[in-house]
Amino acid sequence: MMDGHALLDNTSASITETQTASELVDGVIDGHADADDDQRLALRARFLAEHANAVQATILADVAHHYDLDEDALTVLLHDRAREAVAFDRWDSDIPLILISTGYTPFTERPRPAGDSIVWLDPSTETSFLRSISSIGPVTWFVADAA
């Protein structure tokens with residue numbers, strides 16, 4: 001019976017269990033346990049960005065033949081989230097757009113774009129990181145109910 005937190009890898013069906021969310025993130029991201037708070041945030045943001053880039057590319061490959069995408073839309077969809085957030089006002093496409101919250105206000109001066117199809121990933125805390133990585137897969141985060 002699980003006591004704490006667990007992460008299920010949906011591709012291998014392996015489960016990692018820990019007592020705390022912090023321990024779970026420490027097990028997922030190399031160097032996270034030994035980093036200071038600012039470094040931990042940067043490590044979580046980079047991890048999410050790298051996964052977001054891969055998931056976004058897969059989404060685009062699956063739907064691109066159904067859309068006539070202009071250069072601006074492609075720039076937004078394919079920007080490297082690990083290097084820099086892209087500035088734009090609004091995302092009106094129904095293609096899901098994955099963005100990292102730390103690239104926009106209140107973390108930077110760059111305004112957050114609006115749009116119903118934007119999937120925001122938040123590395124600001126261990127729990128928001130786990131919720132975010134679980135939302136785009138290939139893992140699922142579980143928390144045991146307190147008895």
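Me: Contact here means heavy atoms within 4.5 Å. Which strands does helix α4 lie across?

Reply: Helix α4, residues 126–136, lies across β1 and β5. This is a predicted model, by the way.

Me: And at what angle does α4 run to β5?

Reply: At about 135°.

Me: Which strands does helix α1 lie across?

Reply: Helix α1 covers residues 21–28 and lies across β1, β2 and β5. The angle between α1 and β1 is about 35°.

Me: OK, what's the strand order in that sheet?

Reply: The order is β2-β1-β5, with three strands in an open sheet and antiparallel pairing. On the edges sit β2 (14–18) and β5 (139–143), each pairing on one side only. From one strand to the next, the twist averages 15°.

Me: How many bridges link β1 and β2?

Reply: Five bridges, in the antiparallel sense, with β1 spanning residues 5–9.

Me: What stands opposite His5 in β2?

Reply: That's Thr18.

Me: Switching topic: what volume does the largest pocket have?

Reply: About 190 Å³.

Me: Which residues lie nearest its centre?

Reply: Arg81, Ala85, Ile100, Thr102 and Gly103, out of 15 residues that line the largest pocket.

Me: Which elements give two or more residues to that lining?

Reply: Those are α2 (37–63) and β3 (97–100). The largest share, four residues, comes from α2.

Me: Last one: how do the lining residues divide into nonpolar, polar and charged?

Reply: In the largest pocket, the lining has eight nonpolar residues, three polar and four charged.

Notes: Residues are numbered from 1 along each chain as its sequence is written. This is a predicted model: local features need pLDDT of at least 70, side-chain atom pairs count only at pLDDT 80 or more; totals for chains, interfaces and linings use all residues. Side-chain values use heavy atoms; hydrogens and water are left out. Two strands pair if DSSP finds at least two bridges between them. Axes are lines fitted to C-alpha atoms, for helices over the stretch in contact, and angles run from 0 to 180 degrees between N-to-C directions. On a 1 Å grid over the protein atoms alone, a cavity is a set of points where a 1.4 Å probe fits but cannot get out, and a pocket is an open set with protein on both sides within 12 Å along at least five of seven lines; lining residues have an atom within 4 Å of a point. Grid points are joined across faces, edges and corners, and a volume is the space filled by probe spheres set on the points. Ala, Val, Leu, Ile, Met, Phe, Trp, Tyr, Cys and Pro count as nonpolar, Asp, Glu, Lys and Arg as charged, and the others, Gly among them, as polar.
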